[in-house]
Amino acid sequence: MANPPTTMKTMQSVSPRSEPVQSRSIKRAQQILDVTSELLETVGLNDLNTAIIAKEVGISVGSLYHYFPNKHAILYAMGKSWLDSIEEVLKDIQEWRLEEMTLPDFIDQVVNINLRTYRQQRAVLRLVQAMFSVQELRELDERHDDMVISKMAKVFKRLGLNKHIRERERIARLYLEVTHSTYLVVVNQNERRAARTLDDLKLMLTSVLERHLNDPE
């Protein structure tokens, strides 16, 4: 007996209608992103739609479509902006005098600079969840992981971790999984609990990196 035909979900376009060039249009596009960030935090991904966004911005749905064709395009723009900020952090880290830094200093600074970026992105947990779960946004999630792993593998080499590139990438993936998930927890904790969680994170990173720095094979 033949299997019933399966239906493939059609991916929505995530490209903006056009890149705003006039000052007023740029401000409006940014307002749409800012309002969507607020709604993502209060309404949630499933209940978020262009009608709600347009109402909160104070424009018609038709006017919103002049900037973005659907809610996934708005979320994609938000995710790309956050990805750009992560890339800037990685560039800053590469400019540090890594060869001269002690491991505790490196860990303190790398945690602080990354956490600052996570805290600056409103509704970062829901945005990251959307990047992972929404088909149209999954490319951003993959780009994020690949970028962090490749850059941190190079950073670890400059710190003195003289291992094969594949091994450094494996350690960088572990670093990514541990830090990324922890930052997403910390941004929603009160100050006292966040401080304790960050202390534990730094202890874990120290343990892993010390082991490999002292074991060159």
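This tour visits several places in the structure, one selection at a time. The model is predicted.

**First stop: an annotated span**

Select residues 49-68. In an unreviewed entry, UniProt gives this stretch the feature name "DNA-binding region". In the model, 60% of the span is helix and 0% is strand. Its end C-alpha atoms are 12 Å apart.

The next selections concern salt bridges, of which the structure holds eight. Side chains of opposite charge can pair when their charged atoms come close.

Select Glu38 and Arg122, and display their side chains. The two form a salt bridge, with an N to O distance of 3.8 Å. Glu38 belongs to helix α1 (residues 23-42), while Arg122 sits in the loop between α5 (103-120) and α6 (124-133), so this pair ties together parts that are 84 residues apart in sequence.

Select helix α4 (residues 71-94), then pick out Lys80 and Asp84. Their side chains meet in a salt bridge of 3.6 Å, N to O. Because the two residues are four places apart in helix α4, about one helical turn separates them. Lys80 is partly exposed, at 36% relative accessibility, and Asp84 is partly exposed with a relative accessible area of 32%. Elsewhere, salt bridges with shared partners join Glu38, Glu41 and Arg122 into one network.

**Last stop: a buried threonine**

Select Thr182, which is located in helix α8 (residues 165-186). Is Thr182 buried or exposed? Thr182 counts as buried because its relative accessibility is 12%, and the buried class covers values under 20%. Now display the surroundings of this residue. Which residues does Thr182 contact, apart from neighbours within four places in sequence? The contacts are with Thr197 and Leu201.

How values were computed:
Residues are numbered from 1 along each chain as its sequence is written. This is a predicted model: local features need pLDDT of at least 70, side-chain atom pairs count only at pLDDT 80 or more; totals for chains, interfaces and linings use all residues. Side-chain values use heavy atoms; hydrogens and water are left out. Buried means under 20% relative accessible area, exposed over 50%, partly exposed in between (1.4 Å probe, protein chains only). Contact means heavy atoms within 4.5 Å. UniProt positions are given in the numbering used here, feature names are shortened, and annotations may be inferred rather than shown by experiment. A salt bridge is a side-chain nitrogen of Lys or Arg within 4 Å of a carboxyl oxygen of Asp or Glu.
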